Amino acid sequence: MTDAYKSLESRFRRINTLSGIGEMLHWDMASMMPNGGANARSEQLATLDVMANELVNAPDIGDLIKAAEGESLDDWQAANLAEMKRNWVHGTAVPSDLVEKMSLAATSCEVAWRGARADNDFAGLLPKLQTVLDLSIETGKAKADALGSSVYDALLDQYDPMMRSERVDSLFAELEAFLPSFTRDVIERQKAEKAPVAPNGPFPISVQNKVGLDLMKAVGFDFNHGRLDISHHPFCGGIPDDVRITTRYDEADFTSAIMGVLHETGHAMYERGLPTDWRNQPVGKARGMTMHESQSLLVEMQASRSEEFLTYAGPVFKAAFGGDDSAWNAQNLHRLYTRVEPGLIRVDADEVTYPAHVILRYRLERALIEGDMKLADLPGAWNEMMGKLLGITPPDDANGCLQDIHWPSGSWGYFPTYTMGAMAAAQIFAAAKKAQPEIPGALAQGDFAPLMTWLGKNIHAKASSKSTDEILIEATGKPLGVAAFKAHVQDRYGR
């Protein structure tokens, strides 16, 4: 290992450690921290962000990168150096005072959002959210100059490296040309059929929690390296050696919590599968949020809503919740979990209408970032676009523009990765089943091992050593596209 590269590895190991500390503090803030700790936590997180920014902005980093590029490196070291350079370009574009302002504002707004959503108070959140938006735009402008991109694309690049809105527009346009008429046809066909039997509640939270833990074990989650808790918005956080999952419960409907747990477990399995030898380096990180969301949606939507897996899950649910046997058979559960109906809440949406929720958010956040819309007009614009895309109008902002944590927490540019992740999930699951035909039968036994073994080798272990498209081409034979997702929904819902 050569001198310049070795020095860079040491620097970025520290940056990674600071990031990991921030992840754990953020998990605590979302799940355990009393409201009175918000101001102190804001200062803590901002301090960590500034320290990491100062490390990447050290005067000699650029010279070290240039020197390391002339050294003899193996493939993983070269890929790591490329990721270091990418992080350096992003980091040096933003001055430390802006990093601090952004961190403080986002933490304060995220905490305020919890109360604002509960109280349906967009007007009360607006000043803090405006500050976050303004600082996000300022950050995007600084990064756009460094990346040679638009402001929105600079923000998108944080979550999906090298992705640009032009490609997002193309992918989403292909979806929009297909989904509206397909959705109408599926809804009409399902209306003509006998409705599935809905299990009768209530479903005690303690029982839901136990079922969720059992299903996490079935997927392969290692509780020596993680845990499940409750938060206002489900998420997966922490670090690969200590993964923190959260969900939220509704005693009237266990589906949201259970599918939320399975979704976040998909994220967690990706984190746990990242190569141990590179976890403290940029190349050992997950390859962006499109790939991350592909892993969560693969587990939740592709595998866990399959009739094979529900053959296993039905008796588990029956034993836990009791009730009519007819509600728990695999065929009924499959019909219940593949019911297509436009709804207000993104995280509870079926996979056919889900892309419309993402397209709505993508268009609105671009309009706000690019100055084509005022933040004060967001509730009305949200309701109008939801009417156009989904044919429904939220009764209030709590079920409309206040439902997601992303914008209050400063995650502008994140939303497109959800639907691109769904596309990637369909590609990956189809390829996995083709390579390992035993996967569906194993899922019917509650055994995710064949699927996770294949994912571990072909997706997780690659980390950020290659681009999203390169990983997909190696695993599936094609770059990211819409075809596999279309084929999947046509097979599952077009029958």
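A salt bridge here is a side-chain nitrogen of Lys or Arg within 4 Å of a carboxyl oxygen of Asp or Glu. Asp-469 sits in helix H20 (residues 468–476) and Arg-167 in helix H8 (residues 165–192), so this pair ties together parts 302 residues apart in sequence. Helices (H or I, at least four residues) and strands (E, at least two) are DSSP runs, numbered from the N terminus.

How open are the two partners? Asp-469 is partly exposed, at a relative accessible area of 21%. Arg-167 is partly exposed too, at 29%. Buried means under 20% relative accessible area, exposed means over 50%, and partly exposed is in between (1.4 Å probe, protein chains only).

A word on the source. This is a predicted model: local features need pLDDT of at least 70, side-chain atom pairs count only at pLDDT 80 or more, and totals for chains, interfaces and linings use all residues. Residues are numbered from 1 along each chain as its sequence is written, and side-chain values use heavy atoms, with hydrogens and water left out.

Now the whole chain. The secondary structure comes to 21 helices and three strands. The radius of gyration is 22 Å, close to the 23 Å that the globule rule gives for 495 residues, so the chain is as compact as a globular protein of that length. That radius is taken over C-alpha atoms, and the rule is 2.2 Å times the number of residues to the power 0.38. Of the 495 residues, 56% count as buried.

Back to charges. Why do such pairs form? Side chains of opposite charge can pair when their charged atoms come close. How many salt bridges does the structure hold? The count is 28.

Take Arg-11 and Asp-60, bridged at 2.6 Å, N to O. Arg-11 is in helix H1 (residues 3–31), while Asp-60 is in the loop between helix H2 (38–56) and helix H3 (61–68), 49 residues apart. Asp-60 counts as partly exposed, at 30% relative accessibility.

Next, Glu-83 and Arg-287. Their closest N and O atoms are 3.1 Å apart. Glu-83 belongs to helix H4 (residues 75–93), and Arg-287 to the loop between helix H10 (255–273) and helix H11 (288–303), 204 residues apart. Buried or exposed? Both Glu-83 and Arg-287 are buried.
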